[in-house]
Amino acid sequence: MRVVLQRVAYAKVNVDGKTVGSIDRGIMALVGMNTGDNIKTFEWMFNKLKNIRIFEDGDGKMNLSIADMNYGLLLVPNFSVYADARKGNRPSFALGAKPDEARESFNAFTEYAKNNYDKVECGIFQADMKVELLNDGPITILLDSDKIF
């Protein structure tokens, strides 16, 4: 599982002109699924997203999480976070889970997240989504459950 997270002042996902998920302050996460992702993967990634300390405390230090601040988490499915652009000019999308497995895994991950935090919103898998956000900082962090970075 791979995530590109951004600390946001707000974020929303529109599909066919309708908002399907939105948050005020919090984390917007572009989520890519890999073959073999399972409940242990979901637990690790969710706990990282919920508890990563990227919000300022009273002293201006990044010491607080979305859980500490009761901020939102917007999960957006995005297969392209597994794109491989090391060779040539056209990215390969051979890495990561195939669509059916990825859909099942993403849905299981979002269900897990919603069952463990009450401020979770989601995009729609394989929909033509329009994502709007205001990156706050900017703070952008890459997470990989295989811990390759």
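**Aromatic pairs and the rest of the fold**

Guide: Searching the whole structure turns up 5 aromatic pairs. Keep in mind that this is a predicted model.

Visitor: How is the pair of Phe42 and Phe109 arranged?

Guide: That pair is tilted, with the ring centres 5.8 Å apart and 50° between the planes. Phe42 sits in helix α1 (residues 39–51) and Phe109 in helix α3 (residues 99–116), so the pair links distant parts of the chain, 67 residues apart.

Visitor: Are Phe42 and Phe109 buried or exposed?

Guide: Phe42 is buried, and Phe109 is buried as well.

Visitor: And what about Phe46 and Tyr112, what kind of pair is that?

Guide: Edge-to-face, because the planes are at 80°, and the ring centres are 5.7 Å apart. Phe46 is in helix α1 and Tyr112 in helix α3, so this pair ties together parts 66 residues apart in sequence. Both Phe46 and Tyr112 are buried.

Visitor: Which residues is Phe42 in contact with, leaving aside neighbours within four places in sequence?

Guide: With that exclusion, Phe42 contacts Met1, Met33, Asp37, Ser105, Ala108, Phe109 and Tyr112. Take Ser105 from that list: the C-alpha atoms of Phe42 and Ser105 are separated by 8.9 Å, and the two residues are 63 apart along the chain.

Visitor: OK, new residue. Where is Thr110 found?

Guide: Thr110 is in helix α3. Thr110 counts as buried because its relative accessibility is 9%, against a cut-off of under 20%.

Visitor: What does Thr110 touch, not counting residues up to four places away in sequence?

Guide: Leu75 and Cys122.

Visitor: Let's zoom out. How many helices and strands does the protein have?

Guide: There are 3 helices and 8 strands. Starting at the N terminus, the order is β-β-β-α-β-β-α-β-α-β-β.

Visitor: Why call the protein as compact as a globular protein of that length?

Guide: Because its radius of gyration is 15 Å, close to the 15 Å the globule rule gives for 149 residues. The C-alpha trace spans about 45 × 35 × 35 Å along the principal axes.

Visitor: What share of the residues counts as buried?

Guide: 43% of the 149 residues. As for contacts with a separation of 6 or more, 72% of them come from residues 24 or more positions apart.

Visitor: Last one, charges. How far apart are the mean positions of the positive and negative charges?

Guide: They're 4 Å apart, counting 19 positive and 20 negative charges.

Key
Residues numbered from 1 in each chain as written. Predicted model: local features only at pLDDT ≥ 70, side-chain atom pairs only at ≥ 80, totals over all residues. Heavy atoms only, no water. Helix = DSSP H or I, 4+ residues; strand = E, 2+ residues; numbered from the N terminus. Rg over C-alpha atoms; globule rule 2.2 N^0.38 Å. Buried < 20%, exposed > 50% of the residue type's maximum accessible area, 1.4 Å probe, protein only. Contact = heavy atoms within 4.5 Å. Lys, Arg positive; Asp, Glu negative; His and termini not counted. Charge placed at Lys NZ, Arg CZ, Asp CG, Glu CD. Phe/Tyr/Trp six-rings, centres within 6.5 Å; stacked < 30°, edge-to-face > 60°.
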